[in-house]
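Hi there,

Here is the structure I promised to pass on to you. Have a look at it first, and then read on for my notes.

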Amino acid sequence: MSANTNILEVEKVNKSFHDPVTVPVLRDVSFSVRHGEFVSITGKSGCGKSTLLYILSTMDTDYQGDVVIDGERTQGLSGERLAAIRNEKIGFVFQFHYLLPEFSVLHNVMLPGLKLGRKSAAEVEADAMARLKELEMADQAGKMANQLSGGQKQRVAIARALINDPLIIMGDEPTGNLDKRNAEIVFGIFQHIASEHKRSLLIVTHDPDFAARTDRNIVMDDGRIVG
Amino acid sequence: MKLLLSIALTLLRAKLRQSIVAAVGVMFSITMFVALLGFMNGLNDLLDGLILNRTPHVRLYNELQASPKQPMQVADGDTTKHHFVRSVKPKDDLPRLRNAEAIMQAMERDPRVMAVSPRLVAQVFFNVGTVDLNGQVNGIDVVQEIRYYRFADYLTQGDPHDLATGNNTIVLGKGLADMMAAGIGETVQVTTATGDRALLRVVGIFQSGIADYDKVQCYANIKTVQKLLARPGSYYTDINLKLHDLTAAPAMAKELAARFKVDAVDVQSANAQFETGSDVRSIISYAVGVVLLIVAGFGIYNILNMMIYEKLDAIAILKATGFSGSDVRRIFLLLSMIIGLVGGVTGLLGGFTMQTVIDNVPFETAALPTTKTFPIDYNPKYYIIAVSFALLTTWIAGWFPARKAAQVDPVEIIRGK
């Protein structure tokens, strides 16, 4: 895959909320993300940046326009297929950590890999341990997810996002709920993923420092891309 | 599927107490269902057996009746007129079956018939001191009766084979034996309707469970009764048929009555009340069992609904990381089915235990000489019905919450924080 391949293409995406009155939230949003590119989206609260991210993640299917992930147009695909795309090609990191408290740290990381079913359980486990080691969380692997601190949880969530070697990692304010030191660690990890693993990243943030240090910053205002 | 199962099990383990409560609900209802049906049908079989074991499926006999064609009718030839003169009384003829041996041979060749046994019923008086007791001696083919009508089960004393081999032997009904104070080995004097007297040796005491019956009925070898009445070896009053298929009896009775020009009665018309009673008892026990299962189903529905509400985050994250709606639905359906299966299987064990306990509770009554404990029908049918019902109700109870879980919009949950 060459560095110029577009992993994600967004073509004239429009979306409105209809309750109680029709309010447009996204207007003709178009951009693309190249292979290995670290892109951030910033903008004021309510400018539609999170809404855009959830459309790109395939979880929100109520929009007009085209979203093409790795050459595949997602508009109109079945729920099963979209779930498979999320599983295989997209890694997710949320503001809140969203680990499954019933499962161990290791198992949390393994779940998407087991779902993909491309490798045996033992291989997925080895992969998950490798990811955790990379993020310096290997010693916590046996703990239950709810025994970790916020920064640790976010690192586990990143390990989970990486387990299937996705083409793109999407994050919705992944450092928004962390202190300065942990935010710094997470940013370092993202940079490492982009430069070493050659994965694309698309991170929504309201932190201007974070945005300034990414490869490209998309600024949104009132549903449009303004810079 | 293995992955979904392991997720379901993990969620189940996290809510172990509630899951156990739901499973216990299922277990309790299955236990009751199995025990109730086993007990009810045991009772049904016992009560039906009281009559049905000893009743032939079709009985051929000859009823004494006034001649249907009176002389006036024959002479006049006009059937539309009403004839008041009816002088011809029943013929001076014993209620014998004509051509009995030929009928028996024909019946033995009939593939629908399991067993053919003749009977010769004679009205007698037992002479006890100065008193004459009314009695009815049934001349039977002892070997056939033991084999097909459980004759031996109803003998409380004595050996039925003595009746088969011995000459001039008799088995008395318990009530009759008590009235005559006759025990085994003693002789009783019998007077027939024609005035002949004979001495018969008592070789057994018979108890049917129906007291009035036991005060009158007694049994003897058919040869003994033929001798008693001074009739030849082909003299029979009844031919009893046992069929392979009980339900064919009414049609067959009609057919045989027309074919042999005899009277025929089938077990269904002779004992209609028993079947009605059995059916009603079965319906009641099924209804109670099904209601119990439905209640258990509501328990599962509630617990799953609560679990889904508590696990909205988990559902959202599963969906975000690549599990589809139908995966999520399967997880919760599996969860419900595990509860149903665990509850169902333990319920079957509980039901079996309860049946065993009931089966060992003493139940002795003079009416039922061979019954010592409460009757139980261990028919595996009830276990299969119970477990299928359990799985069906848990599937339905799980399906609605599972569908709700499948429809959870992850964006709403994730953004809603």
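What share of the contacts in chain B with a separation of 6 or more comes from residues 24 or more positions apart? The share is 79%. Please keep in mind as you read that this is a predicted model.

Let me stay with chain B for a moment. Its secondary structure amounts to 16 helices and ten strands. With a radius of gyration of 33 Å, against the 22 Å that the globule rule gives for 417 residues, chain B is well over that value and so is more spread out than a compact globule. The C-alpha trace of chain B covers about 105 × 60 × 40 Å along its principal axes. As for burial, 40% of the 417 residues of chain B count as buried.

Chain B is also split into two parts: domain 1 takes in 2–52 + 274–416, and domain 2 takes in 58–67 + 92–269. Between the C-alpha centres of domain 1 and domain 2 of chain B there are 51 Å.

Now to where the chains meet. On the chain A side 22 residues are in contact with 20 residues of chain B. Three elements of chain A each give two or more residues to the side that touches chain B: α1 (49–56), α2 (79–89) and α3 (105–116). Of these, α2(A) gives the most, with six residues. Sorted by class, that side of chain A holds 13 nonpolar, six charged and three polar residues.

Key. Residues are numbered from 1 along each chain as its sequence is written. Chains are lettered from A and ligands numbered from 1 in the order in which they are written. This is a predicted model: local features need pLDDT of at least 70, side-chain atom pairs count only at pLDDT 80 or more; totals for chains, interfaces and linings use all residues. Two residues are in contact if their C-beta atoms, placed from the backbone, lie within 7 Å. Helices (H or I, at least four residues) and strands (E, at least two) are DSSP runs, numbered from the N terminus. Ala, Val, Leu, Ile, Met, Phe, Trp, Tyr, Cys and Pro count as nonpolar, Asp, Glu, Lys and Arg as charged, and the others, Gly among them, as polar. Domain bounds come from an automatic or database domain assignment. The radius of gyration is taken over C-alpha atoms; the globule rule is 2.2 Å times the number of residues to the power 0.38. A residue is buried if 20 or more other C-beta atoms lie within 10 Å of its own, exposed if 12 or fewer, and partly exposed in between; C-beta atoms are placed from the backbone.
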